[in-house]
Each structure stands twice: as C-alpha cells, then as structure tokens.
There are 2 protein chains.
Amino acid sequence: MRTQYCGALNASFIDQEVTLCGWVDRRRDHGGVIFIDLRDRDGIVQVVFDPDAKENFETADKVRSEYVLQVKGRVRARSEATVNPNMPTGEVEVYGLEVTILNSAETTPFPLHDKTVGEEVRLKYRYVDLRRQEMQERLRFRSKVTNSIRNFLDDNGFLDIETPILTRATPEGARDYLVPSRTHEGKFFALPQSPQLFKQLLMVSGFDRYYQIAKCFRDEDLRADRQPEFTQIDIETSFMSDEQIMSVTEQMIRKLFSELKGVELGEFPRMPYAEAMQKYGSDKPDMRIPLELVEIKDLLADIDFKVFAGPANDPKCRVTALKVTGGAAISRKQIDDYTKYVGIYGAKGLAWIKVNEIEKGVEGLQSPIIKFLGDDVTMQVMERTGAQNGDIVFFGADTIKVVTEALGALRCKIGEDLELYTCEWAPLWVVDFPMFEAIEGGVTSLHHPFTAPSCSAQELEQNPLAALSQAYDMVLNGCELGGGSVRIHNQSMQQAVFRVLGIGEEEQREKFGFLLDALQYGAPPHGGLAFGLDRLIMLMTGASSIRDVIAFPKTQTAACVLTDAPGQVDNTQLRELNIRVKKKEVSA
Amino acid sequence: MRTQYCGALNASFIDQEVTLCGWVDRRRDHGGVIFIDLRDRDGIVQVVFDPDAKENFETADKVRSEYVLQVKGRVRARSEATVNPNMPTGEVEVYGLEVTILNSAETTPFPLHDKTVGEEVRLKYRYVDLRRQEMQERLRFRSKVTNSIRNFLDDNGFLDIETPILTRATPEGARDYLVPSRTHEGKFFALPQSPQLFKQLLMVSGFDRYYQIAKCFRDEDLRADRQPEFTQIDIETSFMSDEQIMSVTEQMIRKLFSELKGVELGEFPRMPYAEAMQKYGSDKPDMRIPLELVEIKDLLADIDFKVFAGPANDPKCRVTALKVTGGAAISRKQIDDYTKYVGIYGAKGLAWIKVNEIEKGVEGLQSPIIKFLGDDVTMQVMERTGAQNGDIVFFGADTIKVVTEALGALRCKIGEDLELYTCEWAPLWVVDFPMFEAIEGGVTSLHHPFTAPSCSAQELEQNPLAALSQAYDMVLNGCELGGGSVRIHNQSMQQAVFRVLGIGEEEQREKFGFLLDALQYGAPPHGGLAFGLDRLIMLMTGASSIRDVIAFPKTQTAACVLTDAPGQVDNTQLRELNIRVKKKEVSA
C-alpha cells in the first residue's frame with residue numbers, strides 16, 4: 001500500500017513518485033493550496049495539494065487531523081525560503097497527485113501536541129497517547145534494548161527458556177496474585193514474583209546458561225515507580241563465580257549503552273555494602289554526586305548538648321556530617337525545606353553550619369549550634385569534613401537507620417537541586433551484603449533465602465547477622481538496575497538458612513520440598529541475576545515514570561482505565577471456580 | 001571453573017590440559033582403572049583415572065551417577081581399538097589429573113537412560129528428566145527457533161512490544177483464567193487468551209509493525225496437545241493486504257526451516273476453505289497424503305438402498321468416496337477398526353469396495369454393498385474415483401458435517417498407517433473462510449469478531465452465512481501452525497458484525513467500547529497473524545506431545561506435579577481479596 005515511510009524521505013528521492021500511508025498530523029490552507037503534514041512511524045513529511053489535483057484537491061480539502069490517508073505524489077525540493085531545518089524531511093515535500101481517505105477520525109479526546117494533558121486521560125485513550133513522538137520513541141527504544149540484550153545473551157551461549165506463569169506461591173515476600181483453579185476445587189495458582197526457583201531447577205537440569213525476558217507480578221500498594229506486572233531480564237548460570245557472573249552481565253550493559261546511547265561506561269567499580277551505607281547512606285549510591293557522609297561520633301561524645309551527645313554515646317546510633325561544597329548559598333527557606341525532607345526519614349531536625357571565612361575560626365562560621373558544640377569541637381568537625389569558605393555542613397544524630405537514610409536521601413536531593421553531578425552515568429556494583437537483617441522476633445533475608453553465604457553453615461548459624469552473602473547489585477545513578485547472587489547448591493546449607501529464618505522442617509518440606517529434593521540429585525554450583533527492564537528503559541530514555549515506558553500500564557490503584565480492568569464477572573464463572581465474592585460487611 | 005565444554009573436545013585438543021565441569025553420566029571400573037563419562041550441556045566425554053592419580057583416583061572411585069564434578073586432565077587420543085565412532089568426542093579421552101566433587105547425588109528417582117519411565121514421574125522430577133539428551137536438544141532447539149524468528153522480525157522492522165497479562169476478559173470464546181483484584185473489591189482481572197485487542201490498538205497508535213512472543217491462557221479441559229498456558233508468536237501490521245501479510249510470515253517460516261532444519265519449503269500453495277473441506281475433509285489438510293474425497297451424491301440419488309439414497313437426496317447431506325491406492329490389502333480386522341474410528345466422528349458405518357480385477361467389472365470387485373448399489377452405479381463410482389486393481393474405496397453418507405469430519409480423519413489415519421506420505425513437509429495456506437458458521441439460535445464467528453469480511457456491511461447483514469472473511473490459516477502436515485486475518489478498521493463494519501452475532505448496542509459498549517472508540521479516532525487498515533509456538537516446535541522436533549517441548553508443563557488436569565500447583569492458600573490471603581471458597585455442597 002506504500003512505497004516509503006513518510007519519515008524516510010529526503011533529497012535523494014527528488015523527482016521520484018512515492019506512495020505514502022499515514023495520519024494527518026496537521027492540515028492547513030495557504031493561498032489556495034492545502035498543506036498536509038503526513039505522519040507515520042518514521043516521521044512526518046509535508047504533502048501539498050493544489051487545485052490542479054482536481055477531485056484529489058477536494059478530497060484533501062475534506063481531511064482533518066488524524067484522518068488516515070494514502071497519498072501518491074512526487075517528491076520535490078522545497079524552495080530555499082520554505083526549507084524546514086527542524087524537520088528531518090524538511091528539505092523536501094511531496095507534490096500530491098492522488099489521495100485516498102482510508103479512515104476518517106473524530107476530534108481526538110486531547111490534542112496530540114498538548115504536553116499538559118493529565119495522565120488519566122492519556123491512559124484512557126492510550127492508543128491516541130501512544131501516537132505522540134515521545135511515546136513512539138520510547139517503545140521503539142525498548143524494543144531495541146530487548147533486541148540488543150537477547151543478541152548478546154544468544155551470542156554468549158544463553159538459552160531462552162520459558163518458565164510458567166501459572167505456578168505456586170513464590171517466597172519473594174511480596175503479596176502474590178492468585179488464580180483460582182477450576183479443576184482443583186478450592187486451590188489456587190499464584191503468578192510468579194520471579195522465575196527464581198524454576199531458573200535454579202534449570203541449572204540442576206544442566207542447561208548451564210539460561211535467560212528469559214520474563215513477566216513478574218507483585219500485588220503491592222503501588223509507588224510511583226512500581227507496576228503490578230513488570231518485566232525482568234532474568235539470567236542464571238552454572239559453574240561460574242560471582243566475579244564471572246558480574247563480568248558477563250556488566251559486559252551486556254556496557255554493550256547496550258555503547259550501541260544504543262553511544263556511551264562507554266567503562267569498568268564498573270565494586271563497593272562493599274558497608275562502605276555504601278557508611279559513605280553514601282544508601283545501598284544504591286548515586287555516584288554522580290561528589291558528596292560523602294563523614295563520621296563525627298567520636299568528636300561529639302563529650303559535649304554537653306544531649307541532642308548530639310546522646311546518640312554519640314549510644315552504640316545503636318550514628319552521628320554524621322555532610323559537607324556540601326558551595327552550599328553556603330542555600331537559603332534559610334531551603335534549609336527549612338530540607339529539614340522537612342529529612343523528617344520523612346524520621347530525623348527530628350537538621351543542624352547546619354555555614355562557612356563564611358574559615359580563616360577566622362568559629363567567628364567565620366554561621367550556625368545556631370556552635371554554642372552547643374563549643375568552639376573546639378566545631379573546629380574539629382570543620383577540619384574532618386574539610387569544609388572551606390562557601391560550604392555548608394549538615395548534621396545527623398539519631399539511630400543508625402534514621403541517620404543513614406535521612407542523610408543518604410539529603411545527599412541525593414541536594415545533589416539534584418544544586419546540580420552537582422560530575423558525570424552523566426555512574427554505574428557500580430555493590431557487593432558483600434549481609435545475609436540477613438534483624439526484624440522483630442528474628443531475622444529476614446536481605447535478598448532471598450536461596451542466596452549463598454560467604455561463610456560455612458556452622459558460622460552462619462552461630463552468628464547470622466555477621467554473615468555476608470555472595471550477592472551483588474548493579475547500581476546506576478542511584479537506581480538498582482539489577483541484583484543477583486551465587487545460590488545455595490547444597491541441601492544442608494539450604495536447610496541451615498531455613499533454620500536461621502525460623503522455617504521449621506515441616507514448612508520447609510511443604511513450601512520448598514521440590515527445591516530440597518532437587519539439591520540432592522546433583523545440583524551444580526550456580527548463580528545469576530535479574531535486571532528490572534522497565535527501570536532500565538526509564539533510566540535510558542530519561543522518562544520520569546515507569547508508566548511512560550510501558551505500552552499499557554496500570555494506574556496507581558492497579559487498574560487499566562483503557563479496558564476498564566479489573567471488571568465484574570458473572571456468577572456462572574465464579575460458580576465454576578467454586579468461589580464467591582464476600583458481601584460487604586456493614587460496620588456498626 | 002572450566003576451560004571447555006565436555007562435548008566440545010575432539011582431536012584438535014590432544015595434549016592440551018583442560019578443566020571440565022559436569023555430571024557423571026556413567027562410571028565404571030575396568031582393569032583397575034576408573035572410566036567416567038562426564039556430561040554437560042554440550043555432550044559427553046570419557047575421563048580416565050588410573051592409580052597414578054593417587055588421592056584423585058580415590059576420589060574418582062567414590063563418585064556415583066549424577067555426581068557433579070570438576071575435572072582437570074589432559075586430552076589424549078584413544079587407541080584405535082577403543083575409538084567410539086558413536087560419540088562425537090569418541091576419538092579422544094581425558095586423562096584425569098585432578099577431580100573435585102562439587103556436589104554428590106542420591107540415586108535419581110529414575111535412570112536417565114530409561115525410556116519407559118511414566119510421564120507422571122518424569123514431570124514430578126522434571127529437573128532430572130530435563131537432563132536427558134532428547135529434552136536438552138528440544139529446549140535448545142526451541143531457543144534457536146525464537147531467536148531466528150525474532151531476528152527475522154527485527155530485520156523486517158517489527159517492534160517487540162509487551163501487552164498486559166493482567167487484563168480484561170477477552171472475547172476469544174474460551175474460558176478465562178481470573179485473578180481477583182485486592183484493590184478493587186469484587187472485581188477480577190482475566191489472563192489474556194491472546195493479545196488480540198491490544199495489538200489492534202497498537203496499530204491504531206501507529207506502531208505499524210508489531211510482534212511479541214506472548215504467553216496466552218485458556219482454562220479449557222485439556223486435550224493431548226493443549227496447555228492452560230501456551231506461547232504465541234503474535235504479529236500485527238498496518239497498511240498491508242492479506243497477501244502481503246501471508247507473504248512476510250511465510251518468508252519467516254521458510255527461513256526458519258531453512259536455517260534450523262536445512263529444509264527448503266518453497267512457495268506455499270493457497271487453497272480455499274471450501275476446497276479443503278470438499279477434497280480433504282478438513283480445514284487443515286495434510287497434503288503429504290495423496291488421497292482425496294470424491295463426491296458421488298449424484299450417482300447414488302436413484303438407488304433403492306436408503307442408507308445411501310437418503311443422504312444423496314438430502315441437501316444437508318454429503319455422499320463421498322475415498323479411494324485408497326493399494327488399500328485392497330487392508331484386512332477385515334483393520335476395516336473394523338476404521339469403522340470404529342469413523343464412529344468417533346458420528347459415522348454409523350463404513351462401506352467399502354475392494355478392487356481385485358477391475359477389467360472383470362463388478363465380478364472383479366469384493367464388497368458387501370455392491371448388491372445394494374447395483375452393478376451400473378458401482379461401476380460409475382469406480383470410474384469416478386479412478387479405482388485400479390489393488391485399491392479400496394470407502395464410502396461416507398451422512399450429514400455434511402459427519403461425512404466431512406469422518407472421511408477427513410480416515411484419510412489422515414490411513415495415510416499414516418499405510419505410510420502414504422509423498423513428502424516430509426507439506427505447508428499451505430487455507431484462505432476464503434466463511435465469516436460465520438451456524439449454531440443453534442444464530443451464528444458464531446469462525447475466527448473472531450474482529451475479522452474483516454470480503455464483502456460490504458450490507459451484504460454481510462443480508463446473508464451472513466454466505467459471507468467470506470479475509471482470514472488465512474497456515475497449515476503444515478495437517479496441523480494449523482498459525483492463523484490470522486485482515487481486521488475490521490471501520491467502526492460501522494465492526495458494529496454490523498456485532499449485530500450479526502446478536503451482540504446488542506449495550507453489550508457492545510460494555511465489552512468493546514474501547515475498541516469501538518479507537519476505531520473512530522483514525523484506525524489504519526491492519527491485520528496480522530499468530531503462530532502457536534509450542535505446536536511449531538513439536539512439529540519441528542518430532543516430539544509426540546506438546547509437553548515434551550515445554551520446560552515445566554502442566555498435566556492434563558492442569559496441575560504442576562513438580563511444585564504441587566495449584567495449592568492451598570491461607571484465609572488471610574482470601575480475606576484480603578474479599579473472596580471465599582464455597583463449601584462443598586452435600587448432595588442428597
């Protein structure tokens with residue numbers, strides 16, 4: 001039906017007759033001539049109909065925005081005065097000979113070029129929204145990304161193997177989506193939170209290198225960057241060390257950035273988890289920001305001021321300074337905003353010292369807290385943070401958790417606000433995670449219970465909270481791109497971990513019996529990784545929401561406003577499934 | 001951890017030191033020497049440990065089948081007497097220097113080389129079953145197929161776009177799997193039976209060429225070749241005619257067979273649906289079989305024998321002969337079996353005439369029915385079917401449906417039993433399907449209600465059962481590989497089809513409102529196709545069940561015996577979802 005895409009036309013086509021198909025992006029009359037900007041997937045070209053085109057001119061006169069046309073015409077150079085350098089096809093136009101209206105269009109619910117349209121309307125008429133150049137480019141880019149990744153993995157001997165969507169409740173810890181079974185009364189499938197156990201079983205089967213671009217599901221209350229269904233680049237290998245797994249997946253991401261962004265990321269540095277939390281207050285530090293947290297607990301232990309001295313003398317607490325180069329320019333109003341901001345993380349205040357003339361000692365500083373710290377301690381803090389004229393130093397003194405999270409978040413916020421970024425892309429690996437973290441009444445896995453520890457089973461059981469794991473997270477610009485680990489391939493180690501987690505033998509059999517069985521029939525050493533594809537695309541395209549890189553996303557209440565899902569189902573269906581919807585309880 | 005795959009070793013490695021990882025396929029002592037067949041994804045190689053290897057010899061002595069080992073050794077040529085031509089690595093062996101047991105293994109639930117193991121056990125211990133060479137090869141082949149298909153589609157400008165799994169009930173007609181929504185009380189998502197409407201919306205969005213290797217779901221009672229979740233190669237294009245869509249997808253399949261099977265399929269013939277049903281009794285004729293159904297209704301209209309004369313005079317009936325070349329050798333016992341076989345399709349019997357000496361006229365024939373047909377009619381039938389000495393002619397006389405299905409199935413059965421295949425691969429396109437078929441109280445879509453007719457909306461509504469569609473099925477060796485159609489891109493045509501189907505305006509809005517809306521905002525002409533990936537792999541690998549080309553399939557009761565899914569869920573989860581399981585009703 002066409003000979004070229006609209007966007008493909010350029011001077012090399014001059015004098016050729018072409019047939020185009022596409023949408024009317026804009027139509028206007030000018031001096032008795034009709035100009036139609038015809039749009040397709042590749043771009044936009046101007047088509048001109050003058051009255052010589054007779055009945056085709058009349059047809060062209062009738063078309064409106066978003067009509068679907070087939071146009072035959074001859075490509076010609078635009079006059080110098082009308083060349084449009086902002087348009088890739090702007091050197092040429094098509095002199096229209098014939099036009100066929102393939103479909104008419106009502107006025108769209110919102111104008112395509114209006115950038116202020118609310119998301120609800122965009123999602124309800126997603127098929128119109130997706131016509132916008134930005135959305136076209138993002139989904140096209142997404143297709144290129146999966147293609148590049150698949151090619152890399154295929155070239156490296158990874159097999160694409162599908163794992164089930166209708167499966168058993170998985171132990172990732174989030175809430176499962178359930179699917180009632182019709183043939184097994186009262187029983188339910190769960191949609192997978194990840195293919196974790198299946199990919200491990202594939203290693204036990206000897207497939208050696210597996211990948212899948214897999215749909216995963218979590219029934220969680222949605223934050224801005226979450227979706228109930230999301231896509232994971234899922235990878236597992238046998239007989240490879242953590243370093244080898246990191247190396248091959250790092251190559252994959254490097255190739256991706258090189259091919260599709262023209263960016264050479266270089267070797268990714270490795271940073272232990274402990275250092276990341278200490279210096280950057282985050283297990284996914286944004287290394288574009290040249291700010292570090294500095295420990296000052298020892299300096300403040302002997303002062304009278306309880307707000308600092310209390311935490312400084314409490315082993316569960318942390319006292320930390322964050323020096324911001326050039327931060328003395330931050331206004332009182334801004335400091336108030338930052339104080340509220342760290343409040344989200346539980347910080348009860350945000351003390352600060354501005355440095356005006358450090359050569360004058362405390363006289364050259366400006367702060368409401370110097371009198372509480374005392375001159376000596378103040379100057380010791382200045383020295384340790386290396387504060388110079390024009391800087392500001394912020395303080396955190398509270399539980400380890402509060403200080404780490406609050407100052408870690410403040411570091412990122414200030415980095416963004418003051419545009420302190422030293423580079424565009426800052427990838428790294430965070431390694432040496434703890435196996436477990438303490439929760440009320442016990443411990444929980446920091447990653448998942450199949451992660452291999454770096455120590456023996458005996459050491460693990462003796463001091464679980466001291467044990468490190470063979471896990472690794474790939475972090476880019478403060479976002480976790482992916483994470484993985486070497487897995488446990490030994491039944492007794494797996495059971496030791498279950499015991500530490502308080503999972504008794506009966507529950508082990510009931511929930512993980514098939515895994516424990518598999519581990520005893522010749523399981524190889526194995527490990528892997530999973531990348532969040534949506535997040536990766538979002539970062540690479542600079543989109544501000546994950547919903548902008550998914551063709552048909554759900555809203556924050558996990559609904560599809562386009563198709564009106566979830567929807568009512570009739571009672572016959574529910575009867576077949578042997579379930580009923582509970583009537584609303586009337587509260588007294 | 002290794003330098004080579006076991007299966008990669010050959011004479012070019014002689015004298016090299018290699019490190020291998022893998023499973024003990026077999027271990028045996030012979031003359032004080034230990035022979036280990038070490039297996040990995042790539043193949044098997046023989047490793048030899050003699051007592052000179054000292055403690056490594058002792059370790060090697062301890063290993064048992066399916067132990068996981070790391071072996072260091074030197075590749076050496078086998079002596080001429082011990083070369084194993086049946087093994088790709090059979091020219092060499094590895095002289096073992098070091099061995100590490102990476103994991104031990106209990107005796108597997110069934111021996112890997114036992115081909116008689118029941119499917120239930122194979123599925124329960126799928127991770128062991130998948131170690132078998134056959135299963136390894138099938139899943140590896142599957143990965144190659146998806147890779148080849150993706151490359152073809154990427155090269156041809158198709159974009160890989162994901163559509164939702166949590167969605168609205170789709171109108172494909174099968175039963176949906178439902179997912180209760182937690183955030184929208186009493187409402188349910190449905191898992192997609194196909195991405196049909198989403199891919200049409202992507203065309204309305206202007207993506208022009210879409211593909212996805214998509215999981216689809218149908219909660220149906222399972223036949224041997226069905227699974228509750230299955231995988232579809234899903235394709236949709238804009239501005240292409242049915243012929244162009246067939247052409248590009250045919251190229252894709254031809255390339256696939258050429259690359260992965262070394263088979264050149266050539267151009268696929270096109271056959272109208274009416275001809276397929278008439279001559280082959282099937283809308284997916286197996287063209288490897290050189291047998292055709294021959295109409296003889298006119299010949300039998302005037303005979304006295306009611307069994308034939310009745311149908312011959314009834315416009316709802318069909319009277320048909322199937323000549324089988326060389327079929328006179330079929331025994332009475334076999335004829336009885338075939339009679340039972342056609343009974344499955346509703347045929348009340350299976351008349352036949354064997355041709356011994358056609359030159360003697362009816363004297364040269366053998367049959368219980370000649371006396372009922374009469375000599376003249378018998379010989380007319382012989383003439384029309386072209387029966388020769390050594391042939392058999394079967395008869396079908398019943399409703400059109402029964403005769404078509406029964407003789408169509410018999411044709412395939414006999415083709416297989418007598419090995420009549422004239423070629424290995426016989427692809428074709430079946431085209432010109434009817435839009436609708438009659439059902440009690442109305443009509444139903446032969447494909448789906450979004451299929452474009454070949455006629456106007458007016459003609460369609462006047463005589464729905466006469467209308468043909470722009471649908472096409474790709475058939476290979478009697479299996480439907482894929483099917484598709486040009487879709488309706490015009491709102492009023494879509495509404496006409498809904499009216500013919502008895503879907504009133506209210507139901508149209510309620511179920512398909514978003515599609516009808518989309519069609520009025522500039523929908524391009526579009527169409528597409530979907531291939532059943534599992535079936536395709538099954539045909540290409542010669543597997544006898546679809547379960548043999550899926551890593552973790554469900555059983556015929558839609559259960560996973562490996563993970564024991566579906567499973568019980570606790571009441572907290574159900575409460576959150578606002579549903580309850582109905583108690584079993586006690587029948588009186």
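Which strand of chain B is joined to strand E23 (residues 579-581) of chain A, and how many bridges join them? Keep this question in mind as you go through the views of this predicted model.

**View 1. Strand E23 of chain A meets strand E23 of chain B.** The partner is strand E23 (residues 579-581) of chain B, and three bridges join the two strands. They run antiparallel. Look for A:Ile579, which stands opposite B:Val581.

View 2. Two copies of a chain are related by a rotation about an axis and a shift along it. Here, a rotation of 180° superposes chain A on chain B, with 0.0 Å of shift along the axis and an RMSD of 0.1 Å. This is the relation of a two-fold axis.

**View 3. The copies meet through the same surface.** Of the interface residues of chain A, 99% are also interface residues in chain B, so the same surface is used by both copies. Chain A brings 121 residues to the contact, and chain B brings 120 residues. The size of an interface is often given as the accessible area lost when the parts come together. Chain A and chain B bury about 10700 Å² between them, and 58% of this is on carbon and sulfur atoms.

View 4. One to find is the salt bridge between the side chains of A:Arg2 and B:Asp208, at 2.5 Å from N to O. Polar contacts between chain A and chain B number 65 residue pairs, with both residues at pLDDT 80 or more. On the side of chain A that touches chain B, helix H4 (residues 133-155) of chain A gives the largest share, eleven residues. Sorted by class, that side of chain A has 57 nonpolar, 31 polar and 33 charged residues.

**View 5. Five strands of chain B form an open sheet.** Follow the strands in the order E12-E13-E16-E14-E15, with antiparallel pairing.

**View 6. Strand E14 pairs with strand E16 in chain B.** Four bridges connect strand E14 (residues 351-355) and strand E16 (residues 392-399) of chain B in the antiparallel sense.

Notes. Residues numbered from 1 in each chain as written. Chains lettered and ligands numbered in written order. Predicted model: local features only at pLDDT ≥ 70, side-chain atom pairs only at ≥ 80, totals over all residues. Heavy atoms only, no water. Least-squares fit on C-alpha atoms with pLDDT ≥ 70 in both. Contact = heavy atoms within 4.5 Å. Buried area = accessible area lost by both parts, 1.4 Å probe. Salt bridge = Lys/Arg side-chain N within 4 Å of Asp/Glu carboxyl O. Polar contact = N/O pair within 3.5 Å; in protein donor to acceptor, adjacent residues only side chain to side chain. Nonpolar A, V, L, I, M, F, W, Y, C, P; charged D, E, K, R; others polar. Pairing = 2+ DSSP bridges.
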